[in-house]
Amino acid sequence: GVFAHLALLEARAYEAAVKQEETEQQEEKLARLKARVQELRLQRDKLRAQVEQQEKGQLGKEGALNPAQPSAQTVLEWKMKSLKAMLQIFYLTGISGKLTKQGVCFCISTAYEGTYLDFYHLDLLTKPEVQIYRHSIPIFIPLQQIAKKYLQTDIRRFLSVLSDHLNAYVGRRYQADQLQEHFSGQIEGTLQRNSLCNLLVFNYNVSSENKTFLFKVRLLYGDPCCSLPTEAVISST
Amino acid sequence: MDNSICKVYEDEIQLLEEEIKLLTEKYEDGQQESTFFSDEEILMSINSLQKEFQGESKGNEHPSDLKARLESLETDLSFLMKFTGIQFRSHSKKTVEKTGNRTVQKHRLSGNCHSLSFQLEFQLLEMQNKESVSAVITDLSILLESGEDSDVSKFVSSTEEHGNLLTFFRSLSSYAEWYEYRRCTFLHFK
């Protein structure tokens with residue numbers, strides 16, 4: 001009757017209000033986004049002009065960039081940035097580090113061809129004699145052996161030999177990872193390897209004229225400072 | 001529909017934000033490259049900050065802390081150069097790309113290792129993963145003094161081809177050291 005009719009009208013009014021609110025919210029959102037886009041475009045255009053000005057300025061005329069006397073803060077920030085950038089670059093050379101109260105903390109970087117991989121830390125004390133305080137060298141690298149041989153007499157040699165071991169290990173591991181990643185279709189089962197990654201065993205298939213041949217491969221890397229295998233045994237299964 | 005217009009705006013916002021990041025870095029790099037302050041100017045700045053600071057503490061870093069930080073960086077740098085024998089004379093970098101978690105910078109580096117001087121140019125691509133940053137060298141170009149030695153030029157070309165910057169520095173270190181020894185030995189005989 002009347003009551004039901006009223007209830008229906010109320011429901012419709014409610015729906016209409018909700019829809020109205022949704023539309024308003026949507027319009028508000030659009031307006032906000034549009035304003036943000038304008039703001040960012042202005043900022044971007046300003047920066048573009050600044051960078052262009054900078055590049056032109058560098059082609060010859062002096063004074064265009066730093067007309068005012070720079071503040072002391074600016075000067076020191078420049079120096080800080082310059083020193084930090086130079087120190088950053090050192091990690092590309094393989095040996096980086098910083099002096100500590102009791103000695104020096106070295107950072108050994110490793111790479112395979114152009115890809116830099118892991119960093120290892122070596123915290124050394126220099127008094128009363130050179131000793132290893134802390135390190136992040138993996139346990140399967142013969143650190144103590146190398147230290148016993150070179151640490152006291154020739155610290156550069158010590159780091160160089162250690163670096164050889166680490167780079168070779170990381171190189172072998174990277175190659176094994178790449179093999180798994182890029183040839184997953186041809187490798188049957190899992191690629192087996194030890195922690196030092198100097199022994200790899202896997203099965204791989206080769207297809208030719210609709211026939212698939214399965215081979216078992218065993219690669220041995222006899223030289224711990226080398227990232228190429230010294231022995232390869234391939235057998236058909 | 002309204003939703004697709006929203007998406008268009010949101011996409012443009014993201015692109016603009018990335019472009020702004022790149023331009024900001026380019027501008028800062030440019031400022032850094034085109035300025036140079038001598039050691040005296042640096043000392044003067046430290047002194048002037050210390051005088052200013054006597055008045056108020058703006059919550060900024062105390063100038064003697066700043067001075068200590070600068071000195072510590074300088075000692076670390078000079079220690080590394082002395083220890084490795086690698087002295088960098090000049091270094092410049094230009095940000096070429098900065099999108100998402102990828103940064104590509106072009107570097108120019110010159111210096112010497114013991115008595116051999118070198119000049120390098122390369123591109124460094126850095127990608128931020130969840131836990132670490134990966135770095136890859138591309139477009140490596142090396143100019144090394146004593147490049148007349150055919151073994152050395154073969155080594156340099158092969159290093160350039162594979163982007164083997166790390167191997168270059170490690171081998172350069174020992175080659176330069178022995179080059180010095182040979183030079184001294186020959187002088188001894190003259």
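Predicted model: local features only at pLDDT ≥ 70, side-chain atom pairs only at ≥ 80, totals over all residues.
Buried area, as I use it here, is the accessible area (1.4 Å probe) that two parts lose on being put together, summed over both.

**Entry: chain A against chain B**
I started with the two chains. Chain A and chain B bury about 6200 Å² between them, and carbon and sulfur atoms account for 70% of that. On the chain A side, I looked up who gives up the most area to chain B: A:Leu76, A:Trp78 and A:Phe90, which together make 12% of what that side buries. The contact draws 61 residues from chain A and 63 residues from chain B.

I get eight salt bridges across the interface of chain A and chain B. I also checked the pair A:Lys79 and B:Glu74, a salt bridge with its closest N and O atoms 3.7 Å apart.

**Entry: inside chain B**
Chain B splits into domain 1 (2-39) and domain 2 (85-189). I have their centres, over C-alpha atoms, at 30 Å from each other. Seven residues of domain 1 touch twelve residues of domain 2. The area buried between these two domains of chain B is about 740 Å², with 43% from carbon and sulfur atoms. I find one salt bridge across that domain interface. I also noted B:Lys98 with B:Glu25, a salt bridge whose closest N and O atoms are 3.2 Å apart.

**Entry: a greasy spot on chain A**
I found a nonpolar surface patch of about 470 Å², made by A:Val2, A:Phe3, A:Leu6 and A:Leu9. A:Leu9 sits in helix α1 (residues 2-57) of chain A. Is A:Leu9 buried, partly exposed or exposed? I put A:Leu9 down as partly exposed, because its relative accessibility is 43%.

Methods. Residues numbered from 1 in each chain as written. Chains lettered and ligands numbered in written order. Heavy atoms only, no water. Patch = residues over 30% accessible without salt bridge, like charges linked within 9 Å, V, L, I, M, F, W, Y side chains within 5 Å. Areas by Shrake-Rupley, 256 points an atom, 1.4 Å probe, with all protein chains shown as cover. Salt bridge = Lys/Arg side-chain N within 4 Å of Asp/Glu carboxyl O. Helix = DSSP H or I, 4+ residues; strand = E, 2+ residues; numbered from the N terminus. Buried < 20%, exposed > 50% of the residue type's maximum accessible area, 1.4 Å probe, protein only. Domains from an automatic or database assignment. Contact = heavy atoms within 4.5 Å.
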